[in-house]
Amino acid sequence: MTAPIGLHRYMRRLSPLAMALGLLGTQGVASASTVTLDFKACVETALGQNPEMTVSEQRIVQAEAALSEAEASRMPQITASLTGTRSNDAMNVFGMKLGQRQASLGDFGFNDYVAGQFGAGNYAVEPDDLNYPGAHNNFNSRLEVKVPVWNGGRIGSYEDQAQAMIAAARQGDEATQQYLTFSVYQAYEGVHTARAFIEVAQQAVEAAQAYVETTENLVAQGVVVRSELLSANVHLSEAQTHYEQALMEEQIALDNLKMLMAMDEDAEIEIGARQDITLPEHTAASMSQEAISVNPQLEALRAQTKAKQAAIAASKADKYPSFNLMARGDANDENLGFDSTSYTIAGVLSWKLTDFGVTNHRISRARAEASEAKASLQSKMNQTRLAVKKAWRMLQVAEKRVVSNELAVAQAEEAQRLIMKRYKGGIATMTEVLANQAQLDKARADLVKSQYEKNIQKATLRLETGAMTLARL
């Protein structure tokens with residue numbers, strides 16, 4: 001699985017890079033330091049470079065390695081060993097000579113018998129050759145094969161657990177991709193929103209400058225007093241401050257987007273057109289049901305719950321007997337060699353009669369962890385239902401607010417046109433002009449804000465229903 005993941009990451013990185021190179025080729029030297037990325041390219045760059053994707057992908061690798069480890073446990077274990085020993089311990093020396101097939105009657109003390117030391121029927125004599133042998137060497141070469149046959153279902157439970165964790169890791173990877181796509185959209189939309197606020201602030205600055213020029217002319221004509229000019233200049237200063245703040249917000253939004261794409265903070269980028277998000281024809285109830293069924297975060301939790309259930313079965317394995325086969329070949333020699341060989345074949349049946357509650361407590365812990373996972377899943381399902389309902393309701397309000405704010409902007413623009421006409425005629429004061437301009441600026445800002453809110457709630461609904469992917473946008 002590692003190779004396909006690496007290839008997948010490479011392809012995700014290649015697409016935005018190739019696009020960027022193509023843009024550089026068509027835009028010429030003047031813009032060679034700036035890369036233009038549309039929403040699709042931003043998402044692909046983030047999916048290819050954001051460290052969260054590496055974390056997610058390595059969880060899949062870990063889960064797949066755990067499954068391979070469990071499957072490999074069914075295979076025989078082959079061990080080769082070489083042990084060199086030198087000892088003058090009576091038991092060890094006699095055993096080494098037997099293993100080397102060198103034991104003789106003399107090793108039992110028959111040399112003393114021949115010498116007449118035993119005497120007639122005197123078997124209490126302690127032979128020196130048997131009790132006090134000289135130091136002896138042994139080199140044991142061994143090849144051993146152990147074959148697992150039945151271990152209480154432990155290996156099968158480990159395989160089930162690993163397969164469930166693979167499913168959880170893959171769903172977690174999908175959830176990470178969708179959340180990262182949502183985060184990129186939020187940042188991408190944030191840049192466009194910041195630029196919309198810049199446009200609003202720019203309009204306010206231009207209007208304020210016009211007020212200053214108009215007031216200067218009216219003061220010169222003696223239509224209004226000089227304090228009106230002072231008010232107009234103060235308003236212009238405030239408008240310029242708001243404009244600078246809007247420029248700063250744009251840079252913050254761009255920095256956030258570059259961070260998600262794991263790009264250098266000094267990189268010069270330009271973003272493409274605004275990304276529109278559409279929603280399928282659904283009711284709040286049907287979207288909630290869809291979220292419960294296909295949300296990748298919930299799917300990952302379901303798989304984790306299944307893995308916890310498999311862990312219970314693995315914990316119960318010690319309650320059952322186990323049976324394994326063993327085949328071993330040995331060679332013992334006083335020097336390095338294979339002069340004396342032997343073999344051993346055994347079948348081992350074992351059953352732990354009691355461990356004084358260790359296994360039972362392990363099973364209880366596994367059951368508690370499974371219950372915790374099940375409760376976490378239920379809690380997340382409840383949170384998802386609530387998130388869908390909340391986003392749905394906020395979207396309905398945001399859509400109505402957009403319409404209302406569009407009307408408010410139109411009304412405020414007309415009101416400002418009329419009051420400026422009155423001001424130039426010496427009927428209205430600059431205070432009235434600025435108060436109405438403030439309403440117009442607020443209406444324009446509210447419209448930008450409501451449009452952003454509407455788009456984010458659409459994206460939230462797609463995220464909660466597991467549809468926040470480039471292929472489905």
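By class, nine nonpolar, three polar and four charged residues line the largest pocket. Here Ala, Val, Leu, Ile, Met, Phe, Trp, Tyr, Cys and Pro count as nonpolar, Asp, Glu, Lys and Arg as charged, and the others, Gly among them, as polar. The model is predicted, with local features needing pLDDT of at least 70 and side-chain atom pairs pLDDT 80 or more, while totals for chains, interfaces and linings use all residues. Residues are numbered from 1 along each chain as its sequence is written, and side-chain values use heavy atoms, without hydrogens and water.

**Exercise 1.** Find the residues nearest the centre of the largest pocket, and the helix that gives the most to its lining.

*Solution.* Start with the lining: 16 residues, with Val200, Ala201, His242, Asp441 and Ala445 nearest the centre. (A pocket is an open set of points on a 1 Å grid where a 1.4 Å probe fits, with protein on both sides within 12 Å along at least five of seven lines; lining residues have an atom within 4 Å of a point.) Next, look at α7 (154-220), α8 (226-260) and α12 (430-464), each supplying at least two lining residues. Helices are DSSP runs of H or I, at least four residues, numbered from the N terminus. Finally, α8 gives the most, seven residues.

**Exercise 2.** Do likewise for the second largest pocket.

*Solution.* Among its 17 lining residues, Arg59, Ala168, Gly172, Ala300 and Gln304 lie nearest the centre. Then turn to α3 (51-72), α7 and α10 (296-315), which each supply at least two. Here α7 gives the most, with eight residues.
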